[in-house]
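The report below goes through a few of them, one after another.

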Amino acid sequence: MKIQNIEDLRLLVETARTGSLTAAAQVLKVTPATASSMLKRLEGQLGARLFERSTRSIRLTSQGQNLLGYASRALALIDEGEAQVLSESSTLSGMVRVAAPSDLARSVLLPWFDEFLAANPALRLGLSVSDRVHDVLRDPVDVALRYGTTTDPNAVVRGLAMTRRVLCASPRYLERFGTPQTPEDLHRHNCLIFELRSARYVDWRFERDGEWVGVQVAGDREVDDASIAHQWALAGEGILYKSELDLLHALASGQLVRLLPQWRGERYPLNAVFPSNRFIPQRVRSFVDFIAARLAQVPILQSPG
């Protein structure tokens, strides 16, 4: 027996979001007893337990987690279809669920998000800020803005921009510890280390006249959030090596100083990653088009091709 009632899927999504069957019932305007019956009906139709329930908590099972991502996208598509049918205009409405790297979101994207929402007041933004790589096929995400190459063969990728990593430090750090003149000099400096794709990013590479040099760096602090490493660099705690786009404003204002200008850092693509090429809601397409247009106006960036 297949799923017969779409409201049962809404209950699944709201229960996962709120962490409470009672809270989900309030959102859907049904009684807790009705909500419990809806969940039992859904589990019975699927022949699988979707939540582990106790007197104190409720949490998704692996089967429930797997269904959640698909249910969220299916409901979003239905909501958009209803809005398009009922609306006499081409007004965008509904929720756009976006995942973005922490430093890029805080340093660059937030004003653009505000601008997009101001131009489309019927839209809502659901933002997940993290340096972990979201699984767009399973997580409730419409689009992930992601640095680096994408190896998932099932992912649908749109290139947005090409930047490079740059080496930099604050004037305060350089006054105290001096300025490195070669990549090898980094061995004598405190380098700020952050995780990249769940691994410590300690192998920094630089190119000059076609020659690549790699340096394994070390420092007194590491973090799994690259925006924290950015803040440490601003505070004069060490040398940073990361996307020039993330550092755009700090470099332009002089808060951070570009180092080893005769050496070029690694190229670093920024992509939009979608869970499906067949069903990309117009609101999501419009959002990505807007971000791509803003990125195209940033002088330091290259086209993604």
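A residue is called buried when its relative accessible area is under 20%, exposed when that area is over 50%, and partly exposed in between. The model shown here is predicted, and in it aspartate 209 counts as exposed because its relative accessibility is 77%. Aspartate 209 is found in the loop between strand 9 (203–208) and strand 10 (211–216).

Leucine 260 lies in the loop between strand 13 (257–258) and strand 14 (264–265), and it is buried, with a relative accessible area of 3%.

Another buried residue is aspartate 142, which is placed in the loop between strand 4 and strand 5 (143–147). Aspartate 142 has no salt bridge, and the nearest side chain of opposite charge, that of arginine 97, is 4.4 Å away; a salt bridge would need the charged atoms to be within 4 Å. The side chain of aspartate 142 does, however, reach the backbone nitrogen of arginine 97 at 2.7 Å. Beyond its neighbours within four places in sequence, aspartate 142 is in contact with residues including Met95, Val96, Val273 and Phe274.

On the surface, Leu110, Leu127 and Val129 form a nonpolar patch, and together they have about 210 Å² of accessible area. Leucine 127 belongs to strand 4 (residues 123–129) and is partly exposed, with a relative accessible area of 33%.

Definitions and conventions
Residues are numbered from 1 along each chain as its sequence is written. This is a predicted model: local features need pLDDT of at least 70, side-chain atom pairs count only at pLDDT 80 or more; totals for chains, interfaces and linings use all residues. Side-chain values use heavy atoms; hydrogens and water are left out. Helices (H or I, at least four residues) and strands (E, at least two) are DSSP runs, numbered from the N terminus. Buried means under 20% relative accessible area, exposed over 50%, partly exposed in between (1.4 Å probe, protein chains only). Patches are made of residues with over 30% relative accessible area and no salt bridge: like charges are joined within 9 Å, nonpolar side chains (Val, Leu, Ile, Met, Phe, Trp, Tyr) within 5 Å. Accessible areas come from the Shrake-Rupley method with a 1.4 Å probe; for residues, only the protein chains shown count as cover. Lys and Arg count as positive and Asp and Glu as negative; His and the chain ends are not counted. A polar contact is a pair of N or O atoms within 3.5 Å; within protein, one must be able to donate a hydrogen and the other to accept it, and residues adjacent in sequence count only if both atoms are side-chain atoms. Contact means heavy atoms within 4.5 Å.
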